[in-house]
Amino acid sequence: MSCLEQMPLHYTPATEASGSQVTEITMRSDAHLSRPMLAAMMIELSSNADQRWLCWVADRPLKPLLSADSHLQGQKILQVVSNSKRDLSEIGIRALERGKSHTVAIMLDRPLRDDERQALEAAALAGSAECLVIFMQP
């Protein structure tokens, strides 16, 4: 039997203080657990004690991706929806640099390139923020 421990995205042990500000996850778009897991992550992140907002950057709005029983009332989520998928990482970089959000969640349909990952990391450090990259596999 194995045990899984869930750590908050903003948890940084003293030994990992210089770790990455960018967290990448891969989810299957057709998996029945992807939507509830995505909803739970966004609700948890939006209820962060930090007074800044969670920023959602994607080619589609967040609400349709969440289940009908997800309660987003009172949550601080800023949505930036772009029809151009190639601009999403650039939008995320600008959002991170500004520091108005504690976390910027970017949903992509492809893995990050190394240069994008480095730019997101630098922007997150500049804005004292975290970046969550969600790669949705078909």
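Tutor: Happy to; we will go through the sheet, the helices, the cores and the salt bridges.

Tutor: This is a predicted model, in which local features need pLDDT of at least 70 and side-chain atom pairs count only at pLDDT 80 or more, while totals for chains, interfaces and linings use all residues. Residues are numbered from 1 along each chain as its sequence is written, and side-chain values use heavy atoms, with hydrogens and water left out.

Student: Thanks! What is the order of the strands in the sheet?

Tutor: The open sheet has 5 strands in the order E1-E5-E4-E2-E3, with parallel pairing. Strands (E, at least two residues) and helices (H or I, at least four) are DSSP runs numbered from the N terminus, and two strands pair if DSSP finds at least two bridges between them.

Student: And which strands stand at the edges?

Tutor: Strand E1 (22-28) and strand E3 (77-81) do; each has a single partner strand, so one side of each is left without a neighbour in the sheet. From one strand to the next, the twist averages 20 degrees.

Student: How many bridges join E2 to E4?

Tutor: There are 5 bridges between E2 and E4, which run parallel, and Trp53 stands opposite Ser101 in E4. E4 also pairs with E5 in the parallel sense, over 6 bridges; there Met107 stands opposite Ile134.

Student: Where do the helices come in?

Tutor: Helix H1 (residues 34-46) lies across E1, E2, E3, E4 and E5, running at about 155 degrees to E1. H3 packs on the sheet and touches E1, E4 and E5, with its direction at about 130 degrees to that of E1. Angles run from 0 to 180 degrees between N-to-C directions, and axes are lines fitted to C-alpha atoms, for helices over the stretch in contact.

Student: Which unit do E4, H3 and E5 make?

Tutor: They make a right-handed β-α-β unit. Right-handed means that, with the strands pointing away from the viewer, the path from the first strand over the helix to the second runs clockwise.

Student: Is E4 buried or exposed?

Tutor: E4 is mostly covered, with 8 of its 8 residues buried. Buried means under 20% relative accessible area, exposed over 50%, and partly exposed in between (1.4 Å probe, protein chains only).

Student: New topic: how many residues has the largest nonpolar core?

Tutor: It has 18 residues, and those with the most contacts inside it include Leu96, Val104 and Cys131. A nonpolar core is a set of buried Ala, Val, Leu, Ile, Met, Phe, Trp, Tyr and Cys residues joined through side-chain atoms within 4.5 Å. The largest share of this core, 5 residues, comes from H2.

Student: What is Leu96 in contact with?

Tutor: Leaving aside neighbours within four places in sequence, its contacts (heavy atoms within 4.5 Å) include Val104, Leu120 and Cys131. Apart from this core lies another, of 14 residues, among them Met27 and Trp56.

Student: Last one: which salt bridges does Glu116 form?

Tutor: A salt bridge is a side-chain nitrogen of Lys or Arg within 4 Å of a carboxyl oxygen of Asp or Glu. Glu116 meets Arg110 at 2.7 Å, N to O, and Arg113 at 3.5 Å. Glu116 is buried at 4% relative accessibility, whereas Arg110 is partly exposed at 24%. Arg110, Arg113, Asp115 and Glu116 are linked in a network of salt bridges.
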